Amino acid sequence: MNQNVMEGAEAVYNEGNEIGIVVLHGFTGTVQSMKPLVDAYTAHGYTVACPRLKGHGTTPYDMEESTAEDWIRSAEEAFEWVKNRCDCVFVTGLSLGGTLSLYLASTREVDGVAVINPAIDVPDISSLADSESRFIDAIGSDIKKEGAAELAYDKTPVRSLNHLTNIMAKVHEQLSEVSAPLLVFASEEDHVVPPENSQTIFDMVFSEGKELVPLEDSYHVATLDNDQELIIERSLEFFERYINAKEN
């Protein structure tokens, strides 16, 4: 194992049944933010892949050297791992992980996509990307729940913000290519990604079955916040609904 990887940030690959779930974490974050979902899906017997996106979970200097193409590749490799083992594949992700989930749904055949506070247009990040500084303040741990914290970098490479802006724009353009069933969770108060992102995605995808679920008691990192159980329950219901539809 890479000794550089933060404790709790390690990738998780759990082999289960023929239903597979790809779980993707957010920008500057780690697998830790998605662990409650990983554990719940694994407990249901599903095959689960939660990769550590390249440049994440080690140091901000590693992240500075990674690119949007690297993050896409990390997501695609996890997807292929699941696809090689399963008959049915769902993708889910938080923030950038949601963006990458939508990218996979626009380029691969998926059985459903569930996203949490996905990002496609964040003006504040676009303006920060023009900064002449090498690093800016951390953007992680936007959580309402007292005592909860996200394992994330303590500073953000400006170069990475440019890559984030590029992939958000790319996915925004490809939303009409998404036709798989869609479940969108959107925090009503989010200090990182404007909630309008979720509505835009909901409106622009071509999915016949789609649902927008408001999160009333969570900020951006909703998977570690007060609505965690709601996200787990509703996403499991979503997977089961489309598994049953496929089998029948």
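## Starting inside: V38 and helix α1

V38 sits in helix α1. Helices (H or I, at least four residues) and strands (E, at least two) are DSSP runs, numbered from the N terminus. This is a predicted model, in which local features need pLDDT of at least 70 and side-chain atom pairs count only at pLDDT 80 or more, while totals for chains, interfaces and linings use all residues. Residues are numbered from 1 along each chain as its sequence is written, and side-chain values use heavy atoms, with hydrogens and water left out.

What does V38 touch, leaving aside its neighbours within four places in sequence? It is in contact with V12, N14, V23, V48 and C50, where contact means heavy atoms within 4.5 Å. As for L24, it is 14 residues from V38 in sequence, and their C-alpha atoms are 9.9 Å apart in space.

## What covers α1

Let's zoom out to the helix. Helix α1 covers residues 35–43, and its buried residues are P36, L37, V38, A40 and Y41. The cover over these buried residues includes the strands β1 (12–14), β2 (19–24), β3 (47–50), β4 (88–94) and β5 (112–116), along with helix α8 (228–247). Just after α1 comes G45, which takes a positive phi of about 90°.

T28 isn't a glycine, yet it has a positive phi of about 65°. You'll find T28 in the loop between β2 and α1, and at 1% relative accessibility it counts as buried.

S95 is another residue other than glycine with a positive phi, this one near 60°. S95 belongs to the loop between β4 and α4 (96–107). Is S95 buried or exposed? With a relative accessible area of 9%, S95 is buried.

## Cysteines without a bridge

A disulfide is a covalent bond between the sulfur atoms of two cysteines. In this report, a pair of cysteine sulfur atoms within 2.5 Å counts as one. How many disulfides does that rule give? The count is zero.

Take C50: the nearest cysteine sulfur belongs to C86 and is 15 Å away, and C50 is in no disulfide. C50 counts as buried, at 0% relative accessibility. For C88, the nearest cysteine sulfur is also that of C86, at 8.5 Å, and C88 is in no disulfide either. C88 is buried too, with a relative accessible area of 3%.

## The whole chain

Now for the big picture. The protein chain has eight helices and nine strands. Its radius of gyration is 16 Å, close to the 18 Å that the globule rule gives for 248 residues, so the chain is as compact as a globular protein of that length. That radius is taken over C-alpha atoms, and the globule rule is 2.2 Å times the number of residues to the power 0.38. Along the principal axes, the C-alpha atoms fill a box of roughly 55 × 40 × 35 Å.

Buried residues make up 56% of the 248 residues. Among contacts between residues at least 6 apart in sequence, 75% join residues at least 24 apart.

Technical notes. Buried < 20%, exposed > 50% of the residue type's maximum accessible area, 1.4 Å probe, protein only.
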